[in-house]
Amino acid sequence: MSVSTDVVIAGGGPNGLMLACELSLAGVRPIVLERLSEPSPEPKANGLLGQVVRMVDHRGLYERLSDAPGPPRPNSAYFTFAAMGLNLSLLEDSPLYGLAVPQQRIVQILEERATELGVDIRRGHQVIGLTQDDDAVTVDVAGTDGDYRVRARYLAGADGAHSLTRKLSGIGFPGVSYDRTTTRTAHASVPAGWVDAGTGALNVPGHGALRPFLSHRTEHGGVSYAPFPGHPPLISTTEWDQPESGEPMSLDELRASLGRVLGADLPVGPPQGAGPHVLRRLTGGNTRVAERFRDRRVFLVGDAAHVYASGGGPGLNLGLQDAANLGWKLAARIRGTAPAGLLGSYETERRQAAGRMVMNAQAQSALIAPGGDVTALRDLFIELLGHRDTVQHLADLLAGADVRYDMGIPEAHPLVGRFAPDVELDTSTGTVRLAELGRTARPLLLDLTEGASVAEALPDGTDRVDVVTARPHPSAHAFTALLLRPDCHVAWASDSSNPDAAELDGLRAAARRWFGSPVPAGNPVV
Ligand SMILES: Cc1cc2nc3c(=O)[nH]c(=O)nc-3n(C[C@H](O)[C@H](O)[C@H](O)COP(=O)(O)OP(=O)(O)OC[C@H]3O[C@@H](n4cnc5c(N)ncnc54)[C@H](O)[C@@H]3O)c2cc1C
C-alpha cells in the first residue's frame with residue numbers, strides 16, 4: 001500500500017503535534033506517525049517555562065493547558081539560575097512566564113487540538129526507513145495493519161533525542177555528555193510539620209529552608225523540592241562521581257543521597273495519592289545540537305534537533321517554538337507562496353535560539369558542580385546578581401526572550417525580530433490582547449496610527465496579511481504599527497504617528513520578504 005501527502009511528521013510527541021497544529025492552521029493537513037498507541041505516561045516535563053508560554057497563549061492553548069481562566073502572568077518574584085537567586089522584583093517586565101502542567105497532559109491537549117484541526121494522527125505506526133529523491137521523501141512505515149509506504153513532499157522528524165529521521169538522514173549530533181552526574185528523582189512524602197504554611201518551603205533541621213520549585217546547591221550536590229498542587233512533592237538530588245549501582249532505585253537511596261547533599265537527614269516516605277509516581281535514577285546527560293536541521297526535504301524539530309542536560313525547561317520552550325517557526329514556512333512552500341530563502345530561515349533562526357540554550361545549559365552545569373573554586377565563582381556571580389541588568393540578562397536567557405531574529409532591516413525598531421509585545425488594544429469590537437489576535441496564526445499588520453495610514457501602504461494584493469486597526473489601550477505603546485509573522489515575531493515596526501515614505505518602503509519590503517510577492521487577482525490563497 002502507498003499513500004501520498006504533503007507533509008509527514010515522524011513522532012507525535014509535543015513538538016510533532018504542535019507542528020501538525022501549525023501546519024493545519026496554515027491550510028496543510030499533515031500525517032503524524034507515532035509509534036506508541038497512546039501518550040507515554042513516562043514523567044518528563046512538569047511544565048513550560050519562558051517565552052513558549054506566551055506562544056501557546058497566542059494560539060489559544062494557554063487556558064486549555066493551565067485549566068484556568070485569564071492571561072498568563074510572569075513570575076516577578078524569585079527564580080534561580082544554577083541554584084543562585086534571581087530577584088525578579090528588580091525587573092520592570094519579567095520574561096519568566098511559567099505554566100505547571102505534566103508533559104503527558106500537554107501531549108493529550110495538543111493531540112485533541114490537532115484532531116479538531118483535521119490532522120491524520122496514526123498511533124501505533126512507526127517510521128522504519130526513509131529515502132529521498134528530487135520530488136519527494138518516501139517513508140517506510142510499520143503500521144498496525146502491516147507495513148506500507150508514504151510519499152510526501154516533506155518529512156519533519158519530531159521523533160525525539162534518538163531520532164531515526166536524523167540518523168537516516170546522515171545528520172550528526174555533536175555535543176557534550178556529562179558522565180559524572182547521577183540524578184535521583186522521586187515523588188515522596190515529607191514530615192508535614194517541616195513545611196512552612198506561608199512560604200511552602202521545606203525546613204530541614206540541620207540544613208535550613210529549601211524554597212519550593214527552586215534548585216539548591218551545596219558543596220556535595222544539588223537538590224530541589226517541588227510540591228506541585230494535587231501531587232506528592234517531587235524531590236530530586238544531583239551528585240557527582242557516584243559509584244555505579246545495579247540495584248533498582250528506591251526511596252532509601254534517595255534519602256541517603258539527600259543526607260549526603262544536605263548534610264542532614266530528610267526522612268522521605270512513600271508518596272500519597274494516586275500515581276503514576278516517579279522513582280528514578282539517571283546517570284549522565286547530554287547537551288547536543290544537530291549538525292544541520294535540514295537535509296533537502298527533511299527537517300528536524302525539537303529534541304531530534306537539540307537536547308539539554310539542564311533544569312529549567314529549555315526542551316519544550318525551544319521545541320514548541322521550532323514548530324511555530326517551521327509550520328507557516330513549510331505551508332507557504334507547499335502552497336507555492338513562499339519567497340526565496342523562507343525555508344532556509346528555519347535553521348538560521350532556530351539554531352541561534354538553540355545556541356543560546358546550549359550556553360545556558362553548559363554555564364549552569366559548570367556553576368553547580370562541586371568544589372571550592374566553583375564556590376568562589378558563585379560568590380562572584382552572587383555579587384553580580386545584585387545588579388538589575390544582570391538579573392534581566394539571565395532572566396531573558398532562561399526565558400529565551402533574548403532571541404532576536406535578523407529581519408534584514410538596518411537600524412530596525414527595537415521590537416523588530418523579537419517576540420510580539422504583550423499589550424492590550426482597543427478595536428472596533430472592544431478591548432483585546434495582542435495575543436488574542438494570534439489565534440489564526442496568520443500574518444498580521446496592526447495599525448494604531450490615526451486614519452490607519454500604514455495599512456494603506458501594504459502592496460496591492462497582499463491578501464495573505466490580516467489587517468487590524470486599533471487604538472492603544474490604556475496608554476501609549478512603544479509602537480504605532482507592527483507587522484507580525486505567524487510565529488509571533490515582529491517583522492517590521494514603527495513608532496511614528498505618521499510613518500514616512502522610507503519606513504513604509506521598509507514595511508513593503510518586509511511583507512515581500514516573509515509573505516512573498518502579491519498574489520495575482522483571482523488566485524485565492526488557501
Ligand atoms: C526526566 C525529564 C524531565 C524533563 N523536564 C523538562 C521540563 O521540565 N521542561 C521542559 O521543557 N522539558 C523537559 N524535558 C525535556 C522534554 O521532555 C523534551 O524536550 C520533549 O519531550 C521533546 O519533545 P519532542 O516531541 O521533541 O520529543 P519526544 O517527546 O521524545 O517525542 C518523540 C515522539 O516520537 C515518537 N517516535 C520516536 N521514534 C519514532 C519512529 N521511528 N516512528 C514513529 N514515532 C516515533 C516517540 O514515541 C515520541 O512520542 C525533560 C525530559 C526528561 C527526560
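Predicted model: local features only at pLDDT ≥ 70, side-chain atom pairs only at ≥ 80, totals over all residues.

Biologist: What makes R123 and E111 a salt bridge?

Modeller: The distance does. The closest N and O atoms of R123 and E111 are 2.7 Å apart. The cut-off is 4 Å, from a side-chain nitrogen of Lys or Arg to a carboxyl oxygen of Asp or Glu. R123 lies in strand β7 (residues 120-123) and E111 in helix α4 (residues 103-116), so the pair ties together parts that are twelve residues apart in sequence.

Biologist: Is E111 called buried or exposed?

Modeller: E111 counts as buried, because its relative accessibility is 16% and the limit for that label is 20%.

Biologist: Why is the pair R153 and D6 called a salt bridge?

Modeller: The closest N and O atoms are 3.8 Å apart, and the criterion is within 4 Å. R153 forms that salt bridge with D6. R153 lies in strand β10 and D6 in strand β1 (residues 2-10), so this pair links parts 147 residues apart in sequence.

Biologist: How do you know that R153 and D6 are partly exposed?

Modeller: R153 stands at 33% relative accessibility. D6 stands at 29%.

Biologist: What are the labels of D389 and R388?

Modeller: D389 has 54% relative accessibility, so D389 counts as exposed; that label needs over 50%. R388 has 38% and counts as partly exposed. D389 and R388 form a salt bridge, with the closest N and O atoms 3.2 Å apart.

Biologist: Now the strands. Why is β9 described as largely enclosed?

Modeller: Strand β9 (residues 137-143) has seven residues, and five of them are buried, so the rest of the structure largely encloses β9.

Biologist: What makes β8 and β9 paired strands?

Modeller: Six bridges join strand β8 (residues 126-132) to β9, and the two run antiparallel. Pairing asks for at least two bridges. Q126 stands opposite A142 in β9. Four residues separate β8 and β9, which form a hairpin.

Biologist: How many bridges join β9 and β10?

Modeller: Seven, in the antiparallel sense, with β10 spanning residues 146-157. G143 has G146 in β10 as its bridge partner. Here a hairpin of two residues does the joining.

Biologist: Why are β11 and β22 said to stand at the edges?

Modeller: The open sheet has three strands in the order β11-β19-β22, with antiparallel pairing. β11 (175-177) and β22 (306-307) each have a single partner strand, so one side of each lacks a neighbour in the sheet.

Biologist: How do you know that β19 pairs with β22?

Modeller: Strand β19 (residues 286-289) is joined to β22 by two bridges, running antiparallel. The requirement is at least two. R288 has V307 in β22 as its bridge partner. Helix α8 (residues 344-368) lies across β11, β19 and β22, at about 160° to β19.

Biologist: Are A82 and C488 buried or exposed?

Modeller: A82 has a relative accessible area of 3%, so A82 is buried. C488 has 3% and is buried.

Biologist: What makes A188 buried?

Modeller: A188 has a relative accessible area of 0%, so A188 is buried. A188 lies in the loop between β12 (181-187) and β13 (202-204). Its contacts include P232, L251 and V268.

How values were computed
Residues numbered from 1 in each chain as written. Heavy atoms only, no water. Contact = heavy atoms within 4.5 Å. Axes fitted to C-alpha atoms, helices over the stretch in contact; angles between N-to-C directions. Buried < 20%, exposed > 50% of the residue type's maximum accessible area, 1.4 Å probe, protein only. Lists of a residue's contacts leave out its neighbours within four places in sequence.
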